[in-house]
Amino acid sequence: MNLLMATNTFSPYVGGLVRSIEAFTSEFRRRGHRVLVVAPAYPGSPKKEAGVVRIPSIRRFNGSDFSIGLPIPGFLYHALEDFRPEIVHSHHPYVLGDMALRISASRNIPLVFTHHTMYEMMAHYVVGDSPAMRRFVVELSTGYANLCDRVIAPSGSTARILRERGVTAPIGVIPTGVNPERFRRGDRDGFRAEMGIPAGAFVVGHVGRLGPEKNLGFLVQAVTGFLAVHRTARFLVVGAGPSEAEIRDRFERCGMTGRLHYAGVLRDGKLADAYHAMDVFAFSSRNETQGMVLTEAMASGVPVVAVDAPGVREAVEDGRNGFLLSEMSLPAFTDALLRASRLPPADFHRMREAARETSLRYSIHRCAEDALRLYENVLEERSRGRVARIKPWARRIGQERMLWRNRALAAVAALSSRRGMEDAGAAVR
């Protein structure tokens, strides 16, 4: 198959979504399929990349570290003519996601959309973040999903949420795959020595984008509470983002600066080394559709302490491969870290092995196979359902109308929500 991937984020930007696209793309190509990735240009992007087309972009959008691709009409024409995609796979419901929808319509090929994140939780990166803006984002992504042939949810709990929000398009549950072999081994002692972490210290670790949407304020409070009791423990952070300063400031105010080890962004072997340097993985985000870092940690044999949330509860089994907290409580999270640090060696070993066993359910080989089967089903359905011959320009105009209708409906819903809140405020006053 010829598969076109459209994404608003891609390397050299580092994040779970990027690693997901890279993992699936690599596995598809390994199986003999052709993949073309369409992504924004980033500072430092290679000048020549096999199987990647870069779109001119707005860099550092709204002061963030994101680049937003500009869907310039006709920019991709020659690349599409050469590649001749059979499936378009969109990874965002806006910007290059809109471009994916237009390509699907003009070439009369199926569109698949992976709902990677709860987009309303990212609204703080948009000018005018507000409850109305978050409602707009929810309605926009829901309407976009209903314009697609198939929607992929990375977890069953995410699929249920999408259904509750009004997604009527068929939904397939396919997790983001992890390569267990890549994380099976790592240089625990070497990485600890490099970071200045004592060999025998109990290390709480975290990997991910350091942004407000990850609930890091809560996590850091819980970890510093744990470190206050466990005097020799350390905290290892891997990642980058706007919340880094907040993390450092909290540790400084607690007099624990020397117990925070910040590794920055890591990839490949170094990332595996970092996971192996941890004793437990701490995670408090509540807006994940899966949380790829959870399965990476487990593939490295690291138990997880996490707050119960969609996309998390499928992976973390309380008392077996970690501790899953039913509520977001600082004392409960701190206590779970303490329980992990005090487990007898035999029990801790069993928890580590259970974590590795769990990660096998998320093997990229299995997940890629499920995705390819979904593509084949969509192509077969499209082939059976094809009726009249419609000119490409007519399909394009029809899809453009649907796009604008979706935006308009989302805007109306957001405005209605805002008026409702204003009316409620006036009634209280």
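Trainee: Which residues does Ser341 touch, not counting residues up to four places away in sequence?

Mentor: Phe202, Phe226 and His230. Contact here means heavy atoms within 4.5 Å.

Trainee: What sort of model and numbering is this?

Mentor: The model is predicted, so local features need pLDDT of at least 70, side-chain atom pairs count only at pLDDT 80 or more, and totals for chains, interfaces and linings use all residues. Residues are numbered from 1 along each chain as its sequence is written, and side-chain values use heavy atoms, with hydrogens and water left out.

Trainee: Back to Ser341. Where is its place?

Mentor: In helix α12, residues 330-341. Helices (H or I, at least four residues) and strands (E, at least two) are DSSP runs, numbered from the N terminus.

Trainee: What does the Ser341 side chain reach?

Mentor: The backbone oxygen of Leu338, at 2.7 Å. That is a polar contact: a pair of N or O atoms within 3.5 Å. Within protein, one must be able to donate a hydrogen and the other to accept it, and residues adjacent in sequence count only if both atoms are side-chain atoms.

Trainee: And how many residues apart in sequence are Ser341 and Val204?

Mentor: 137. In space, C-alpha to C-alpha, Ser341 and Val204 are 9.3 Å apart.

Trainee: Switching to Thr142. Buried or exposed?

Mentor: Thr142 is buried, with a relative accessible area of 7%. Buried means under 20% relative accessible area, exposed over 50%, partly exposed in between (1.4 Å probe, protein chains only).

Trainee: Which backbone oxygen lies by a polar atom of its side chain?

Mentor: That of Val138, 2.8 Å from the Thr142 side chain. Thr142 is in helix α4, residues 131-145. Leaving aside neighbours within four places in sequence, Thr142 is in contact with Arg165, Gly166 and Val167.

Trainee: What about Ser104, buried or exposed?

Mentor: Buried, at 5% relative accessible area. Ser104 is found in helix α3. The Ser104 side chain reaches the backbone oxygen of Ile109 at 2.6 Å. Beyond four places in sequence, Ser104 is in contact with Val88, Ile109, Pro110 and Leu111.

Trainee: Next, backbone angles. What is phi of Val95?

Mentor: Near 55°, a positive value in a residue other than glycine. Val95 lies in the loop between β6 (87-90) and α3 (96-107). Asn215 has a positive phi too, near 60°. Asn215 is found in the loop between β10 (203-207) and α8 (216-229).

Trainee: How many cavities of 30 Å³ or more does the structure hold?

Mentor: 1. On a 1 Å grid over the protein atoms alone, a cavity is a set of points where a 1.4 Å probe fits but cannot get out; lining residues have an atom within 4 Å of a point. The largest cavity has about 130 Å³ of space. Grid points are joined across faces, edges and corners, and a volume is the space filled by probe spheres set on the points.

Trainee: Which residues lie nearest the centre of the largest cavity?

Mentor: Ser20, Phe24, His89, His91 and Thr114, out of 16 lining residues. Two or more residues come from each of α1 (16-30) and α14 (364-385). The largest share, 4 residues, comes from α1.

Trainee: Last one. How many helices and strands does the chain have?

Mentor: 15 helices and 15 strands. Of its 429 residues, 55% count as buried.

Note on methods: On a 1 Å grid over the protein atoms alone, a cavity is a set of points where a 1.4 Å probe fits but cannot get out, and a pocket is an open set with protein on both sides within 12 Å along at least five of seven lines; lining residues have an atom within 4 Å of a point.
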